[in-house]
Amino acid sequence: MWRRLARAAAALAAVACLVGTGSGIWFLAGERMGAALGIGPPGGDLVVSRCYEVYDSEGDDNGRDCRGEFTPAGASADAVRPMVLRGAAADHRPGTRLAVRLSHGAAYEPSSEPVVKYGIAAGLILVVGATLTAWLLSCARHGRFQEAEGYVFAALAGLIGVPLLGIAVGLVAGVAEVVF
């Protein structure tokens, strides 16, 4: 009886882990990545006023953002408000009009830089969630706690492999943006 209860608890924990992983990916990276991929209709137009380089807290280059006036799609000129374009694909001249998509209070244009950044974040969340889920399902199958060394090493390999894959994809996407 206790073994059945342990199996059910481990299976329920695995399902909760999968739901948490999927929710974390969507709320932390998925919506922004979709906007940067250009999925869906534009949320409006952004007229660029200036572009600038962005640096993180350690002083490393973190891409390019632009400021401008955003007009929602189908709205009147009265609805214009200031907005930041995250991860700009190029250094746009003042007055340039761009069709942008909105996510979490910022505008995004199709660009490989934020796609790679949010893709790496989603991959890291997925590695941790999938490894924990696999271990929980193994516990559910056997009805007791399993040794976790193999799962820890798999998670470490994934945590190293995802950024390397992201860098490779970023290089290919950067070359494709320049060529096409």
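These legends walk through several close-up views of a predicted model. Local features need pLDDT of at least 70 and side-chain atom pairs count only at pLDDT 80 or more, while totals for chains, interfaces and linings use all residues. Residues are numbered from 1 along each chain as its sequence is written, and side-chain values use heavy atoms, leaving out hydrogens and water.

**View 1. Five strands close into a barrel.** Follow the order β1-β2-β3-β5-β4, with mixed pairing. Strands (E, at least two residues) and helices (H or I, at least four) are DSSP runs numbered from the N terminus, and two strands pair if DSSP finds at least two bridges between them. On average, neighbouring strands are turned by 50° against each other, direction ignored.

**View 2. Strands β1 and β2 form a hairpin.** Here β1 (residues 44-55) pairs with β2 in the antiparallel sense over 10 bridges. G44 stands opposite P72 in β2. Five residues lie between the two strands, and G59 in the turn has a positive phi of about 90°.

**View 3. Strand β2 also meets β3.** Five bridges join β2 to β3 (residues 81-86), and the two run antiparallel. Look for C66, whose bridge partner in β3 is L85.

View 4. Angles run from 0 to 180 degrees between N-to-C directions, using axes fitted to C-alpha atoms, for helices over the stretch in contact.

**View 5. Helix α2 packs on the sheet.** Residues 112-142 form α2, which touches β2 (61-72) and β5; contact means heavy atoms within 4.5 Å. The directions of α2 and β2 make about 115°.
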